[in-house]
Amino acid sequence: MQIEEISTIVTCPGRNFVTAKITCSDGTTGIGDATLNGREMAVVAYLDEHVRPALLGRDPRRSEEIWHYLYRGAYWRRGPVTMSAISAIDTALWDIKAKLADLPLYELLGGRSRDAVMVYGHANGETIEDTLAEVGRYIELGYKAIRAQTGVPDMDSTYGVSGDKLYYEPADAAIPTENVWSTTRYLDHIPKLFEAIREQYGWEHHLLHDVHHRLTPIETARLGKSLETYRMFWLEDATPAENQEAFRLIRQHTTTPLAVGEIFNTIWDCKDLISEQLIDYIRASVTHAGGITHLRRIADLAGLYQIRTGCHGATDNSPVCMGAALHFDLWVPNFGIQEYMRHIPETDAVFPHAYTFKDGYLHPGDVPGHGVDIDETLAAIHPYKPMSLPINRLEDGTLWHW
Ligand code: KDG
Ligand code: MG
């Protein structure tokens with residue numbers, strides 16, 4: 001059996017998605033998500049120019065060897081563009097492998113470790129009152145875990161807060177829009193949000209919060225300490241993690257659990273964070289951290305140190321990523337939680353899928369493969385639209401982390 005064709009499908013049913021599709025000589029097909037938010041066409045070029053010609057004619061069943069061929073063989077290894085391309089090919093090859101075995105993907109990984117996958121949704125509001133109402137909505141929808149974000153008084157924009165609450169989408173213009181950030185106002189305000197949530201809704205639900213890389217390590221320590229009383233499930237991406245050692249300082253000061261890793265590409269990005277037990281949840285995803293093959297390695301390393309998974313699942317991870325992630329989550333022994341930002345109905349129509357939501361849990365379904373398909377005719381009526389993520393500035397105009 002041979003890889004006969006590799007195509008890249010770019011579509012924008014509400015937002016841009018890139019999908020790699022592999023067709024084998026026996027007619028079996030598999031797909032993988034290659035979406036890199038705001039840099040979609042860079043991955044398309046990588047796949048079309050550098051991956052497709054090298055893989056045509058190879059045996060699709062040798063997914064492990066193909067992974068190393070694309071990683072080691074690239075010489076310029078790692079980085080989000082290269083790793084998104086590798087991830088998409090790897091996911092498509094696992095989809096094919098599972099279809100050839102006529103089994104759901106999770107069976108090939110070792111079978112179910114649990115009945116279903118606990119997910120968290122996003123409650124966002126301009127004010128604490130708005131966010132409280134949104135938390136209430138997610139509780140009614142059955143969610144067991146909720147990420148809460150709120151606007152900060154006298155600031156026009158805060159990460160995670162947008163107009164359309166159920167379907168948050170930060171990539172909002174071709175040239176990046178500019179947001180303003182004040183650490184001082186933010187640090188004073190956020191504990192009040194979690195105090196209000198616990199006061200109104202009690203202690204039954206898990207609460208999460210995403211700082212989106214905006215604090216220094218000592219500011220993170222202060223925030224973590226001030227949230228300890230509200231028993232957070234996690235505090236996410238509080239400080240940039242390029243410097244993994246920075247987390248040593250945070251750990252000395254707070255017991256609030258820490259989650260990091262949605263922008264990580266390989267095990268090397270989190271090796272010290274994991275081996276020194278500086279975090280509690282690793283957020284690497286199927287789409288950006290090397291597909292099933294590499295994510296499994298990261299999770300196994302994390303498992304040695306009692307660190308659990310919490311895969312990134314924002315809307316810019318397509319339903320193909322979500323499907324593959326759910327098979328991974330159903331199997332992975334050290335599972336923590338899965339992020340689930342709903343896709344809009346137009347997106348779901350382009351990507352018919354077997355996964356289903358019930359009472360705060362997702363299940364990947366039991367069809368062979370990862371259970372997500374792409375309707376190429378429908379995809380073609382939603383052409384690519386250039387879109388970028390915003391940038392952030394401090395009140396004096398200094399460029400900051402978004
Ligand atoms: O592309 C950027 C988004 O995926 C990111 O802003 C979402 O931080 C995010 C999250 O936790 O889902
Ligand atoms: Mg995040």
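Is Y75 buried or exposed? This is a predicted model, and in it Y75 has a relative accessibility of 64%. A residue counts as exposed when that value is over 50%, so Y75 is exposed. Y75 belongs to the loop that runs between α2 (63–71) and α3 (80–101). The backbone of Y75 has a phi near 60°, which is a positive value in a residue that is not glycine. For background, most residues other than glycine have a negative phi.

R231 is found in the loop between α7 (217–227) and β8 (234–236).

The next stop is the metal site. Which residues coordinate the magnesium ion (ligand 2)? They are D210 (OD), E236 (OE) and E262 (OE), at 2.0 to 2.2 Å. Along the chain, these donors follow the spacing D-x25-E-x25-E. D210 lies in strand β7 (residues 206–210), while E262 lies in the loop between β9 (258–260) and α9 (271–275), so this pair ties together parts that are 52 residues apart in sequence. The term buried applies under 20% relative accessible area. D210 has a value of 1% and is therefore buried. E262, at 9% relative accessibility, also counts as buried.

Ligand 1 is surrounded by 14 residues, and the closest are N37, Y159, E262, D316 and E339. Where does ligand 1 sit? Ligand 1 is in the largest pocket. Several side chains place an N or O atom close to an oxygen atom of ligand 1, and the distances can be listed one by one. For Y159 the distance is 2.8 Å. For H212 the distance is 2.9 Å. For R283 the distance is 3.1 Å. Taken alone, ligand 1 exposes 330 Å², and the protein buries 95% of that.

Two histidines in loops come next. H288 lies in the loop between β10 (281–282) and α10 (291–304). With a relative accessible area of 6%, H288 is buried. The side chain of H288 reaches the backbone oxygen of T35 at 2.8 Å. H205 is in the loop between α6 (183–201) and β7. The relative accessible area of H205 is 13%, so H205 is buried.

Distances between C-alpha atoms can be set beside separation along the chain. H205 and Y71 are 134 residues apart along the chain, and their C-alpha atoms are separated by 41 Å. How many residues apart along the chain are L258 and L208? They are 50 residues apart, and their C-alpha atoms are separated by 10.0 Å. L258 lies in strand β9. Its relative accessible area is 3%, so L258 is buried.

Methods:
Residues numbered from 1 in each chain as written. Chains lettered and ligands numbered in written order. Predicted model: local features only at pLDDT ≥ 70, side-chain atom pairs only at ≥ 80, totals over all residues. Heavy atoms only, no water. Donors = N, O, S within 2.8 Å, 3.2 Å for Na, K, Ca; no water. Helix = DSSP H or I, 4+ residues; strand = E, 2+ residues; numbered from the N terminus. Buried < 20%, exposed > 50% of the residue type's maximum accessible area, 1.4 Å probe, protein only. Near = heavy atom within 4 Å. Polar contact = N/O pair within 3.5 Å; in protein donor to acceptor, adjacent residues only side chain to side chain. Areas by Shrake-Rupley, 256 points an atom, 1.4 Å probe, with all protein chains shown as cover. 1 Å grid on protein atoms, 1.4 Å probe; cavity = no way out; pocket = protein on both sides within 12 Å on 5 of 7 lines; lining within 4 Å. Sits in = over half its atoms within 2 Å of the grid points.
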